[in-house]
Amino acid sequence: MSIHSRIVDDLVANGVGFVTTVPCKQLAGVIEELEGRAEIHHVPANKEDEGMGLCAGAFMGGKRSAIVMQNTAIGVTINTLATLIQFYRLPLPMLISYRGELGEPVACQVEMALHTKALLAQLHIPTYHFHRESDVEELDAILKHCFMCNKPVAVLTDASFWKGY
Amino acid sequence: MIRSEVLRDIAPVISDQLVVCNIGLPSQELHMIDDQPTTFYMLGTMGLASSIGLGLALAQKKKVVAIDGDGSVLTNFGTLPTIANNVADNFILLIIDNGSYGSTGDQPTYAGGKTSLAAVATACGCETVVECKAEDTKQVLQAALAADRMTIIVSKCESGNVKVPVITLDPVAIRDRFMKQVQA
C-alpha cells in the first residue's frame, strides 16, 4: 500500500469526510488520493485560512474535517488558528509538509522551517513530526487525540518521510 | 439605508435559517436586533464568513445564509472562485456592500470605488449573482431562499453605524447551540 493511501485510509477510518487542500510538491500524492476517494469531499482552497474556514463550517455541519497544507501556511493562518479554531474549540487535523528540512533544495524554504515548530509551540498546538516512513503508524492515534480534545493538531511531514523532495 | 437597517429589514426572513454572520458590527447588530441560536456569530477572523458558510452548506442539506461585508470579501477574495467551483444550491452569500470598513471607522473600501463585487463574482464563475439596492434586499433574499439555487447577493447600502454593545456570549456556547440547531 502506498503511503498516500495509508494516510487517507486513516482519515476515513476516523470519520473525516471533508478535506481542504492547498498544494505542495510533497503533498501531491496525498492530494491525488483524496480527490479519488468517494468517502472524502475534497475542496481545494486558494489560501489556507480560507481552507480552515471551510473546515470549520463543514465540522459544524456534521462532517469531521481536515486540512492539508505546507508549513509556510503557519504564517498565513495564525490568526485563524487562534480566533476561529482554538477560540471556538474546533478539532482540526493539519497534515503539513515540513519544507526546509534535510534534503531541501530551495533555500528560502529553510526560513519558515526555522519558525515552524516555535510558532506551533507558541500557539500550544500539539505537534508531531514524521521523519521516518514508519512514523505514519501514529497517525491513527493522533487523529483520535485531535477529535478527543477538540484542538488543532499539527502533523509535520518532512522530506525524509516522503523519501525525497 | 445603512447596514443595521438592512439587517433589521431581513431579520424576519432569516430568523429560522442557518446564518453565519460576519465579524464585528454586523454580528453585534444582528445579535441586538434578533438573537437566534441558528446564527453563528463570528467574534474574530475577518474574511471567513463566506468560507464557513460554504463549508457548512456543503456538509449538510439545510439552507445557509452567510452575511458578509464588502471589506471582508475583499480580504478573502479567494473565496469567490472556491464558491463558484463548489456549487452548493443550499448556499446564499449576502454581501452587504456599504463601500466601507464599517467596524473600524468607515474607511473607504475599493468596492466603494471602481471595483464591482458583483462583476468579480460573475467573473469568478458564480452563476447567479444579483446586485440590488438596500431597500430591495429583503425581497431578493426571499426569492433566493425560495429558488434552491446558489445565489450571491450584493446589497448596495450607505455607510454608517449605530451604537451597539459587544457580544458577550462565550464562543463555545455560540458554537454548541448553533450545532444543535444544525442537527435539529
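Chains A and B touch each other in this predicted model: 27 residues of chain B are in contact with 25 residues of chain A. On the chain B side, helix H3 does the most, giving eight residues to the side that touches chain A.

**Where chain B touches chain A**
- Three helices of chain B, namely H3 (49–59), H5 (79–85) and H8 (171–183), each supply at least two residues of the side that touches chain A.
- Sort that side of chain B by class and you get 14 nonpolar, 12 polar and one charged residues.

**The sheet in chain A**
- Chain A has an open sheet of six strands with parallel pairing.
- Reading across the sheet, the strand order is S2-S1-S3-S4-S6-S5.
- Strand S2 (41–44) and strand S5 (127–130) of chain A are the edge strands, so called because each pairs on one side only.
- From one strand to the next, the twist averages 20°.

**Zooming in on one strand pair**
- Strand S4 (residues 92–97) and strand S6 (residues 152–157) of chain A run parallel and are joined by six bridges.
- If you want a spot to look for in that pair, find Pro93(A), which stands opposite Val153(A) in S6(A).

**A helix across the sheet**

Notes:
Residues numbered from 1 in each chain as written. Chains lettered and ligands numbered in written order. Predicted model: local features only at pLDDT ≥ 70, side-chain atom pairs only at ≥ 80, totals over all residues. Pairing = 2+ DSSP bridges. Helix = DSSP H or I, 4+ residues; strand = E, 2+ residues; numbered from the N terminus. Axes fitted to C-alpha atoms, helices over the stretch in contact; angles between N-to-C directions. Contact = placed C-beta atoms within 7 Å. Nonpolar A, V, L, I, M, F, W, Y, C, P; charged D, E, K, R; others polar.
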